[in-house]
Amino acid sequence: MAYVKIGLIGKLDMLKFKNITKVRENEIQASPATPLPKVLTTNEKAKKHHPAKQDVVIADIRQNGADAKTIVFKTPDGSRLALYRAGQYVSVSVPIGDTVTTRSYSLCSSPELAKKGEYHITVKRDDAGFVSPYIQDNWKVGQAVTISGPQGHLYYEPLRDAKKVIALAGGSGITPFMGMAYAIRDGHEDFDLTIIFGSRTAEGIVYKKELDEVCAACDKVHVVHVLSDEEKEGYEHGFITAELIKKYAGEGEYSIFMCGPQAMYNFLDGEIAKLGLRRKFVRREMFGAIKDPWNQPGYPAEAKGKKFKLKVIKYGEEFEVEALADEPLLVAIERAGISAPSRCRSGECGWCRSKLVSGKVFIPEKTDGRRAADVDYNYVHPCASFPLSDIVIEVSGSNI
Amino acid sequence: MPKFDCVVIGAGNGGLAAACKMALEGKKTLLIEKHNLPGGCASSFRRGRFEFETALHELCEWGTEENPANCRKFVVDDYGVKLKGHIVPENFRVITTASDGKTPIDATLPCGVEAFTDAMEKYVPGCRKSIEDFFEIGQECLDAGNYSLSVNGNTDNKYMMEHFPNFLRVGSYPVNKVFKALKMPPLAQDIMNTYWGYLAVDADRLSYLQYSNMVNLYVRYGAWIPDKTSHELTTGMVERFREMGGTVWFNCTAEKILFGDDKAVSGVVTDRGTIETRHVICNANPSMVYATMVPEEVIPERMIKLANARKYSARMFVVYLGLDKSAEELGLKDYSIFMPETADSAKEYESGKRMETNLNMVSVCYNTVNPDFSPEGTCVISLTTTYMDDDWANVEEDDYVETKNRLAKRMIERFEQKLGVEITPYIEEIEVATPWTMCNFVNVPQGAAYGYELDGWDSMMARMRMMGSEYEVKGLRFVGAASIRGDGYNSAIFSGNTMAKMTLGDMRREEEA
């Protein structure tokens, strides 16, 4: 049998053992009763860098191209906004009537401006949309707006990406790359950025002047304009194809970053497949909410156009509302005036994660960003879940 | 105002266990969590086609259906959580330099007492007797702990001396002292010390009992991981809690704890309204709670002194890597590899205080144990280090990304160099979590996910023996890493179950009175 002897006489060890509590009590009593710190530096710095929400005012609204407006946000007192990695977005809270919804917009200004309390976003008008016409027609200089902290993962990561980045932008999808271009110019990032930018016509190009300026100021940023509806000297014509990417990528390794409308992604998927790139070299901004679930693989055709009952449980309260099969559950919840959390609205970030208590939903595969165990336990992201039956869902939180 | 028998603040492992236990005993329980998902550190996140495990290397004190250890007994047998998982066949591999500053160490230790002892004898011929003694005494210590639990800490001295003499003899000493007394060769001590980082106190100060318990639980019961990350474990607990009648509020932050004239808990103010309750079980750090959520006049001076006497423990830094090559293709066979700069834990602890000197790290390759952890042709590796001081308070926001990337790069390169395996070209996804990230997601002080340092005087045994006087604010108890047993999933779960039991005892006494 094992026998261990540490002190000179084993019995003293036992006394010492019984003394454990006395030793501890002595340590406690010898300690000062000074008030505990209410603020910890590390925690405060972390909170400033990753704020849950930020309060800003609209300092300026600038027309940008034919149908886009750039909104300049500033802090009321000139204090800093959270620094971000160029390409990230903020989720913006938009109250419209009884509804409070959110939209995510890429930060298109230089991170350098964040230090002075300034962020820019660009809102392109989509007349069929709910939010962009409202913002364009109603937002005024001086108005207070609540936004999230910086979010998202479309940014240059030197430990992962090729040193040369080919950015494929469609329309207002230029915004994250504007941020990147400024970040390179201002020394926040260090990589070669070639933006292949698809617009309809030369006249409709958003940020034309700014892009020219940043290219002139910084030899690491290049822009190639591709016009789909116009042939013009000095511009490429048509769509962004594999051939065109190869032409401007040149020799050596490169990463592709994409940002644009869903139709552009659908087209580019085919083109990029031709390039035979490893998956790590192809990154895209989020898909946005899918507008045509009935065209997605696995959709039960009979659900299209139907209306269902939706019961929302929130902190013990219950709301009975209506949900359309053709819209994400989040939209039905917001339309009923119920504040619910959301950020990316693309199924990816998981901020709206909610318990599906009963009922069936359709979740398009390409916007199913759920954790594996959430699939097993019936948690869904309402921003990317379409009802297929009457639904009971438990949501928690509010919109920013 | 909604009224509950008990409010649990925070859905970390400790809070989840406490909530489940209260619900199991039929108490009307509300679990509130400031984040939108459970687990605290014990979670997961998605990037691209990968889902990353946030924290877990392997669960201790789990065992098997036939031979369950305490943690499994609580979660699976008592709470009824259904889990799939994988047994981790090896305890660890350690690659380092011995305390003598010269001898290279590269040792792989399997689970199971015999296999472990044989392997130790192979690496350090002549150490067998000391390792056998270590395990024999280790079993005695586990038995003593179980006896103490079975009598709720009211141990009988005579019984203890008769049955657990070695336990009493080693009980007040640090690891290195007892290893020496066991006549363990220095090189064997170096290897046996490997797990110190999991408790984040060097072996000159770390309580032998606490360390022996951990190593014995790992070696005797094996280690285990859930199939679908910690999120499977913690969401599974939430679901059972709901099924047992519990209420969960996510995205709900506790702001203040309310007290009645009797200085006992009377409610909780949250950003979703005020809740009436007489019992709060709190998964947040006591120092922060006392400083910001409880009125000064209800906190006994001794509690403030205790908080002031303590230091925060390890602050986490993790590099998460999703690679587009399989573990097999890369030639990675080991699950967890400890790679301190030196096996001298006191030296390593010291250099762990600063970014520039902290080279300590543990790697985990999940696919070696769970081949389906990530899509075919890929694998996931995490590289973890801990900071022994608050060096991240010195980082400015402008330098944050550059700082964390520089340190991540250094860890990746050290991994490559130590294993002779190239991984950098295959990084498809990378995320770097720093102490700031821990502050952000779980609001632990200084990013210290391990609670308070388990310094000799404040080790598990001392905390547990003083359990009765540990929390003097009436109706308020604490669970999690900052509670009675320190860090680790099993310890957090144990603390949750134990504090729930004590709260149930309070409730019984109230009813009787």
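The crossing of helices α1(B) and α11(B) is left-handed. Their axes come within 9 Å and cross at roughly 25°. An angle under 35 degrees counts as roughly parallel, so α1(B) and α11(B) are roughly parallel to each other. The model is a predicted one.

**Helix pair α1(B) and α11(B)**

- Helix α1 of chain B spans residues 13-24, and helix α11 of chain B spans residues 229-243.
- From α1(B), the contact uses Leu16(B), Ala19(B), Cys20(B) and Ala23(B).
- From α11(B), the contact uses Thr234(B), Met237(B), Val238(B), Arg240(B) and Phe241(B).
- By class, the residues of this contact are seven nonpolar, one polar and one charged.

**Helix pair α3(B) and α4(B)**

- Helix α3 (residues 113-123) and helix α4 (residues 128-150) of chain B have axes that come within 9 Å.
- These axes cross at roughly 150°.
- Angles over 145 degrees count as roughly antiparallel, and α3(B) and α4(B) are therefore roughly antiparallel to each other.
- The crossing of α3(B) and α4(B) is right-handed.
- On the α3(B) side, Val113(B), Thr117(B), Met120(B) and Glu121(B) make the contact.
- On the α4(B) side, Arg128(B), Ile131(B), Glu132(B) and Phe135(B) make the contact.
- The residues of the contact of α3(B) with α4(B) are four nonpolar, one polar and three charged.

**Three-stranded sheet in chain B**

- Chain B has an open sheet of three strands in the order β10-β11-β12, with antiparallel pairing.
- The edge strands are β10 (254-259) and β12 (273-276) of chain B.
- Each edge strand has a single partner strand, so one side of each is left without a neighbour in the sheet.
- On average, neighbouring strands of this sheet are turned by 20° against each other, direction ignored.
- Strand β11 (residues 265-270) of chain B is joined to β12(B) by four bridges, and the two run antiparallel.
- Val268(B) has Ile275(B) as its bridge partner in β12(B).

**Hairpin in chain A**

- Strands β3(A) and β4(A) form a hairpin, with two residues between them.
- Gly97(A) sits in the turn and has a positive phi of about 60°.
- Strand β3 (residues 89-96) of chain A runs antiparallel to β4(A), and eight bridges join the two.
- Val100(A) in β4(A) is the bridge partner of Pro95(A).
- Strand β4 (residues 99-106) of chain A has six of its eight residues buried, so it is largely enclosed by the rest of the structure.

**Contact between chains A and B**

- Chain A gives 57 residues to the contact, and chain B gives 72 residues.
- Four helices of chain A each supply at least two residues of the side that touches chain B: α1 (10-18), α2 (20-30), α3 (41-49) and α11 (372-376).
- The residues of the side of chain A that touches chain B are 24 nonpolar, 16 polar and 17 charged.

**Chain A overall**

- The secondary structure of chain A comes to eleven helices and 19 strands.
- Along the principal axes, the C-alpha atoms of chain A fill a box of roughly 95 × 55 × 55 Å.
- Of the 400 residues in chain A, 44% are buried.
- Among contacts in chain A with a separation of 6 or more, 71% come from residues 24 or more positions apart.

**Single residues**

- Tyr207(A) has a phi near 65°, a positive value in a residue other than glycine.
- Tyr207(A) lies in the loop between β8 (192-199) and α7 (208-217) of chain A.
- Tyr207(A) is buried, because 26 other C-beta atoms lie within 10 Å.
- Gln446(B) has a phi near 60°, again a positive value in a residue other than glycine.
- Gln446(B) is in the loop between α17 (435-442) and α18 (460-465) of chain B.
- Gln446(B) is buried, because 25 other C-beta atoms lie within 10 Å.
- Lys47(A) is found in helix α3 of chain A.
- Lys47(A) is partly exposed, because 16 other C-beta atoms lie within 10 Å.
- Lys47(A) and Lys5(A) are 42 residues apart in sequence, and their C-alpha atoms are 51 Å apart in space.

Terms used: Residues numbered from 1 in each chain as written. Chains lettered and ligands numbered in written order. Predicted model: local features only at pLDDT ≥ 70, side-chain atom pairs only at ≥ 80, totals over all residues. Axes fitted to C-alpha atoms, helices over the stretch in contact; angles between N-to-C directions. Parallel < 35°, antiparallel > 145°, perpendicular 65-115°, else oblique. Left-handed = near helix turned anticlockwise from the far one by under 90°. Contact = placed C-beta atoms within 7 Å. Nonpolar A, V, L, I, M, F, W, Y, C, P; charged D, E, K, R; others polar. Pairing = 2+ DSSP bridges. Buried ≥ 20, exposed ≤ 12 C-beta atoms within 10 Å, placed from the backbone.
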